[in-house]
Amino acid sequence: MKKSKITLSIFLVLMIALTSLFIANPKEAVADNVSFRAVWVASVYNLDYPKKATTDAATLKSQADSILDNCKKMGLNAVILQVRPSADALYRSDIFPWSKYLTGSAGTAPADNFDPLSYWVSEAHKRGIELHAWINPYRITKGGDKEFNSLPSTDPAKVHPDWVVKYTDGNYYFNPGIPEVRKLIESGAAEIARNYDVDGIHMDDYFYPGTDFDDTATFATYGQGFGTVADFRRDNVNLLVKEMNEQLHAIKPNISFGISPAGIWANASSMTGGSNTSGGQTYSMHYADSKKWVKEGWVDYICPQIYWYIGHPTADYNTLVNWWADTVSGTNVKLYIGMADYQAGNADTASPWYGNKAIQDEVALNRTISEVSGEVHYNYHTLLANSALCDFYESTYLKPIINVPLITDWLLNKIDHHAYMQGSDHSFRPDDGLTRAEAATIFANLLVDSQNNALFDSKDVKYGSFYDISSTAWYARAVELMRQCGIVSGYSDGSFQPNKKVTRAEFVTMAYKADKITEKEGANFVDVPQNYWALSYIGFGEKAGWVNGYEDGTFRPNETVTRAEVATIMNQILDRSPDKTFIDNNVDSLYTDVTPEHWAYYNIMEASVSR
């Protein structure tokens, strides 16, 4: 039978497909999944506002203006203002007295009938910034007996001393197990929602202060039906969260109610479904069942305080962010990450927090995880003191972005047998890698809509997202289409780096994303640790037969993936088994550098011909 030479069609695209799909490399940042960009402005100890207690309205206004202007300059679009650091208020309240942190004396109002919260809300909104009111639910004092004794007689803690417990740290707390206490906290939040145009109500991680809380009598009175005091305590906090959510949304349906618990819900060694960590557990230490709040939909967002660096031996940032991403997946609860900006800028070169790289890597990692939709930075004054970090956020948050709808109606074309890779000058270069631009182009040509029409033809795509890609570049439209599909991403400096080569880990991750896989698997390679950013993607690729390791048990995730490997992997993903008979009878030798003896010959030919 005479062989008929089959021509190649599509530009070499395949391997890049996986690269563009990559969304988990901690060095890379996705375009704009992080839409909520906030900072905590703390009033306790006069950390952020006001700098010093004063009744002077002009000073209080000026400081608020300065903070808001700086937030606007950095590209932040929300401020979480601590308006109840203890059993007090930075606003006009019929329930709690004016805060000593505001005016210097508990119960003393600012001059000129000034209401700080009203001013903050108005001025934030003028600047296009959301204002969330931050409350500490149970804490009464930070200064022990002296502070407690100085509280005015109208303070709820003085009116109802039977609601108060003195803890072993010398401070006083409302007893969460008393139903009237729960009603007090809920009424305080409802008062803010009714009287102020706040965008949200925010609670932090201060629930029960510890395990040795003196509530034996309370448990005896109200704990019937609970096997342990721990279960009773968790239920008390759960009731507060559930009822507050219901009441706030009844008052203001569009209000955002969120909580920022400590970063570790529970360790996997202690609780089924916990994270692969070994740090303090908020589930058992503070009786905060934050995972339940998410699964029940009792909060609009959860903002875990993940105050560790990537690679931390007991509480790895990467591990925890991905654990929380899995927790919110399938719910309507948004995930914002509490960032430890106060750790950054350490002058010790041996510290993991030396300079700002640790935070920058975390910011980049956040943008590779689609479930992460916000970042909250702790706290304002430490952030402002780090000018380099402020500049970083300004460049990250304010880089030009084209706001386009996310394209979701796409599939990999597994029906038509199109060529997706091609060589040049009769060479395939099987041992070479592919650039990110090439990968994006390959993948763009493999996508179809629900009617099996080429996505390139059905979508009106105009380029303009990355500063290092000209609108006239041959790959510009492909990159933009892939960005709009959520398959490719850029870097935190606003670049795409089109000529950068793709690694084996990135390639497998792209394949996983391109095929819209959601299943998570562990990997069995000695050089892919449990906290590796692409662990689950590599694990699935191994299970699905996409990839294999080396004889020494390694996967070598950071090595550049070769074009021959890409062809082999992509044939697996596209459900193509090389038809050796067809290739032998119909395909002339296409490439001088790929002979039938090459280990990937048939896979390369399968990738290179259309039929």
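Is Arg556 buried, partly exposed or exposed? I found that Arg556 is partly exposed, with a relative accessible area of 28%. In my notes, buried means under 20% relative accessible area, exposed means over 50%, and partly exposed lies in between (1.4 Å probe, protein chains only).

**Entry: ground rules.** I am working with a predicted model, in which local features need pLDDT of at least 70, side-chain atom pairs count only at pLDDT 80 or more, and totals for chains, interfaces and linings use all residues. Residues are numbered from 1 along each chain as its sequence is written, and side-chain values use heavy atoms, with hydrogens and water left out.

**Entry: salt bridges.** I looked up what Arg556 pairs with, and Asp552 forms a salt bridge with Arg556, the closest N and O atoms being 3.5 Å apart. The term stands for a side-chain nitrogen of Lys or Arg within 4 Å of a carboxyl oxygen of Asp or Glu. Asp552 is partly exposed, at a relative accessible area of 48%. Elsewhere, I noted one network in which salt bridges with shared partners join Asp65, Asp69, Glu123, Lys126 and Arg127. For the structure, the count of salt bridges is 25.

I then looked at Lys166, whose side chain meets that of Asp145 in a salt bridge (3.0 Å, N to O). This pair links distant parts of the chain, 21 residues apart: Lys166 is in strand E4 (residues 164–166) and Asp145 is in helix H5 (residues 144–150). Helices (H or I, at least four residues) and strands (E, at least two) are DSSP runs, numbered from the N terminus. Lys166 has 42% relative accessibility and counts as partly exposed. Asp145 is also partly exposed, at 35%.

Next came Lys543 and Glu521, whose side chains form a salt bridge (3.0 Å, N to O). Here too the pair links distant parts of the chain, with Lys543 in helix H20 (residues 535–544) and Glu521 in the loop between helix H19 (504–514) and H20, 22 residues apart. Lys543 counts as exposed at 53% relative accessibility, while Glu521 counts as partly exposed at 25%.

**Entry: helix H20.** How many of the 10 residues of H20 are buried? I read seven, so H20 is largely enclosed by the rest of the structure. The buried residues are Leu535, Ser536, Tyr537, Ile538, Gly539, Phe540 and Gly541. What covers them includes H19, where contact means heavy atoms within 4.5 Å. Just after H20, Gly545 takes a positive phi of about 85°.

**Entry: the barrel.** I traced eight strands that close into a barrel in the order E1-E2-E3-E6-E7-E8-E9-E10, with parallel pairing. Two strands pair if DSSP finds at least two bridges between them. Strand E3 (residues 130–135) pairs with E6 in the parallel sense over four bridges, and Ala133 stands opposite Ile201 in E6. E6 is also joined by four bridges to strand E7 (residues 256–259), and these two run parallel. In E7, Ser256 is the bridge partner of Gly200.

Which residues of E6 are buried on each side? In strand E6 (residues 200–203), Gly200 and His202 are buried on one side and Ile201 and Met203 on the other, and both faces are covered.

Tyr301 stands opposite Lys334 in E9. Helix H13 (residues 357–366) lies across E9 and strand E10 (372–377), and runs at about 175° to E9.

**Entry: two helices.** Two packed helices are described by the angle between their axes and the distance between the axes. I looked up helix H7 (residues 179–195) and helix H9 (residues 229–251): their axes come within 10 Å and cross at roughly 25°. That makes H7 roughly parallel to H9. Axes are lines fitted to C-alpha atoms, for helices over the stretch in contact, and angles run from 0 to 180 degrees between N-to-C directions. Angles under 35 degrees count as roughly parallel, over 145 as roughly antiparallel, 65 to 115 as roughly perpendicular and the rest as oblique.

**Entry: Thr568.** Thr568 is in helix H21 (residues 563–573) and counts as buried at 18% relative accessibility. Leaving out residues up to four places away in sequence, Thr568 touches Trp599, Ala600 and Asn603.
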